Amino acid sequence: MKTITRSTYLNRMIELNGTPDIKIITGIRRSGKSKLMQEYIAYLKNHFENINIIFIDFMDLDYEEIKEYHALHKYVESHYQEGKSNYLFVDEVQMCPKFELAINSLYAKDKYDIYITGSNAFLLSADLATLFTGRYLEIHVYPFSFKEYCQYFDDVSDKDKLFDEYSINGGLAGSYAYRTEKDRKDYIREVYETIVTRDLVQKYSLPDTFVLQRLSEFLMDNISNLTSPNKVSQLLTANEIPTNHVTISKYIKYLCNAFIFYDIKRYDIRGKKYLESSEKFYLCDTGIRYAILGSRNMDYGRVYENIVCIELLRRGYDVYVGKLYQKEIDFVAQRGSEKIYIQVSDNISVQETFEREYSPLLQIKDAYPKIIIARTKHPKYSYEGIEIYDIADWLLQTKEG
């Protein structure tokens with residue numbers, strides 16, 4: 001299968017080389033965590049001489065005998081080499097029960113540069129502080145961006161064709177190996193169902209997955225809509241799926257913990273405060289939506305909004321839904337001292353639609369940039385100080401762009 005260099009993540013790993021923290025690579029299943037680890041190991045071998053790499057892949061039967069934390073600890077210590085920079089890489093670490101005891105002990109010895117990956121449902125962001133007593137840094141890996149999709153399919157020069165495909169196929173690169181749409185969808189569906197019907201059930205000891213599955217499909221169908229556990233439980237119950245807001249609230253948290261969805265909270269632009277009421281949920285990859293729901297309710301405006309949200313997160317922004325009086329700004333994106341107000345639309349060629357998108361932005365009185373991202377198929381242009389981008393062009397910008 002073809003591979004590409006995921007420069008953003010690899011450069012982040014290189015930045016952290018030699019730091020004392022435990023480096024933890026997280027992300028949804030099949031997002032490329034193991035490939036990233038292998039790529040970084042190759043980089044180290046090519047650029048450094050006096051190093052010792054200890055690599056353990058618990059998916060490989062060669063390491064079956066050390067799937068016990070004492071044995072893991074002993075194996076690593078026996079492979080330590082004095083006088084060299086010792087790197088420890090453990091892939092699928094959750095397959096060793098109580099792995100954190102071994103990792104914390106090795107960390108405390110202050111002689112290893114430690115990197116680990118694990119299944120998203122067993123190495124959750126919410127659990128890391130509990131698992132690791134030492135300092136750790138999380139490197140979160142997302143499915144392929146549109147820019148990476150274009151790099152992968154570099155034999156195709158038609159940017160618009162590639163974007164239309166990406167909106168449907170998404171960024172789970174393992175699916176690209178298949179030649180038919182059915183096989184691609186089956187691959188994506190298998191990844192998704194493994195997380196929902198196996199990983200989360202095992203992690204949280206759920207009695208069944210029916211409510212969880214219906215909830216996930218509801219959230220997929222309602223990306224970019226304001227959502228609350230109360231509203232969802234009422235709608236599911238009305239459709240003969242009995243549940244309550246407490247269960248729904250818990251299950252939403254589980255789906256977000258597993259990186260299937262990202263919750264985006266609301267921000268009152270005028271009052272400069274965060275709002276605790278309903279929020280929006282965006283799917284980690286639009287390819288999953290198409291594989292599970294098909295083309296029903298294929299609202300491209302909402303699909304594009306989802307793509308932009310994940311791209312903003314990928315670029316390191318904190319993202320909020322903006323509220324200004326009775327109007328809504330799709331995204332308020334902040335990164336350090338930088339702030340951007342963003343509206344996303346499918347087609348703004350109709351004046352009424354264009355006005356609906358730009359009028360809330362014009363009401364914002366501060367000097368931070370304001371942009372509209374839409375399927376214009378035109379070069380960037382400006383209107384009343386608002387920059388208007390074609391979505392494919394915006395997605396192909398660099399991280400700093």
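Reader: What's the class make-up of the lining of the second largest pocket?
Author: Eleven nonpolar, four polar and five charged residues. Ala, Val, Leu, Ile, Met, Phe, Trp, Tyr, Cys and Pro count as nonpolar, Asp, Glu, Lys and Arg as charged, and the others, Gly among them, as polar. It's a predicted model, where local features need pLDDT of at least 70 and side-chain atom pairs 80 or more, while totals for chains, interfaces and linings use all residues. Numbering runs from 1 along each chain as its sequence is written, and side-chain values use heavy atoms, leaving out hydrogens and water.

Reader: Which residues lie nearest the centre of that second pocket?
Author: Tyr142, Phe259, Tyr262, Asp263 and Leu313, out of 20 lining residues.

Reader: And which element gives the most to that lining?
Author: Strand S6 (261–268), with five residues.

Reader: Switching topic: is Arg302 buried or exposed?
Author: Arg302 counts as buried because its relative accessibility is 16%, and buried means under 20% (1.4 Å probe, protein chains only). Arg302 sits in helix H13.

Reader: What does the Arg302 side chain reach?
Author: The backbone oxygen of Asp221, at 3.0 Å.

Reader: Last one, what caps the N-terminal end of H7?
Author: Asp158, with a side-chain oxygen 3.1 Å from the backbone nitrogen of Asp160. After H7 comes Gly170, with a positive phi near 75°.

Key
Polar contact = N/O pair within 3.5 Å; in protein donor to acceptor, adjacent residues only side chain to side chain. Helix = DSSP H or I, 4+ residues; strand = E, 2+ residues; numbered from the N terminus. Buried < 20%, exposed > 50% of the residue type's maximum accessible area, 1.4 Å probe, protein only. 1 Å grid on protein atoms, 1.4 Å probe; cavity = no way out; pocket = protein on both sides within 12 Å on 5 of 7 lines; lining within 4 Å.
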